[in-house]
Amino acid sequence: QPLITRGKDAFVRYSGSAPSSTPPKNFLEAGQIDGGFFQGTAMLAGAIAASALVPFEAQLTMLTKTVEAFRYAGLSRDAISDDVLLTDYLRKNALAAQNVLIASPTFYFLFSWITGQSVAVCCARAITGTMRIVPFMGFFYGAFAILAPFATQYYMKQGGTTYEESASTANMALMLGGFVFIEAIVELRGCGVLFTQMTIRCSPPSPPPGVFVYFFGGSNVLLGSSVT
């Protein structure tokens, strides 16, 4: 039996046959075509339009001012040069956000399929889930691009370590210091969980072999409300 089918059957057995929320009344609800979808779509369309319509000289000017803002805030060129700042932080995080958006439709399609949705609903959620996470991914990678160089500089000065070692330590400290929770919110929103449903609870019992989606937060809310 294919792995996806085994995982789907195990998930249904684990989450139970009775959903914890009201079944969707129509395709719009089943496909999670809601305000979050339209907000994310508008933001992504705006970003694409800006990159295509704003003249290159204006983009270069804004990039130069961004680098100057980092210097004004205290980021030293001795610790992190302009080239490193642009390449390792601004460009790398922008590409990471782009890669996540490209990969997300496949992820949300498979998640919906495993939770027992029809192909049409899976296709809809592949798009709506991806658009819904746009604001949060923008905040996640934008904040990381801003904070990571300062954190790297801090560890370089405090520990006397190399740039590579300090950058690795800074990334880990930022993730464990709060970004991991933002990442959890991103995935929960992409899977259709509302903010009102994101409550702190004890983790559910360990799922049987084949269930590999519980790590999104181990939330009973996720297993119930978001898969109807």
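Modeller: Of the chain's 228 residues, 37% count as buried, meaning under 20% relative accessible area with a 1.4 Å probe and protein chains only, while exposed is over 50% and partly exposed lies in between. Bear in mind that this is a predicted model, where local features need pLDDT of at least 70, side-chain atom pairs count only at pLDDT 80 or more, and totals for chains, interfaces and linings use all residues. Residues are numbered from 1 along each chain as its sequence is written, and side-chain values use heavy atoms, leaving out hydrogens and water.

Now the pocket. Rolling a probe the size of a water molecule over the atoms shows where empty space is left. Here a pocket is an open set of points on a 1 Å grid over the protein atoms alone, where a 1.4 Å probe fits, with protein on both sides within 12 Å along at least five of seven lines; lining residues have an atom within 4 Å of a point. The largest pocket has a volume of about 1,200 Å³, taken as the space filled by probe spheres set on the points, which are joined across faces, edges and corners. It is lined by 28 residues, and Ala47, Ser51, Gln59, Leu90 and Ala94 are the closest to its centre. Two or more lining residues come from each of α3 (35–53), α4, α5 (82–114) and α7 (134–159). With nine residues, α5 gives the most to that lining. As for α4, this helix covers residues 56–72 and includes Leu63, which is partly exposed at a relative accessible area of 37%.

How values were computed:
Helix = DSSP H or I, 4+ residues; strand = E, 2+ residues; numbered from the N terminus.
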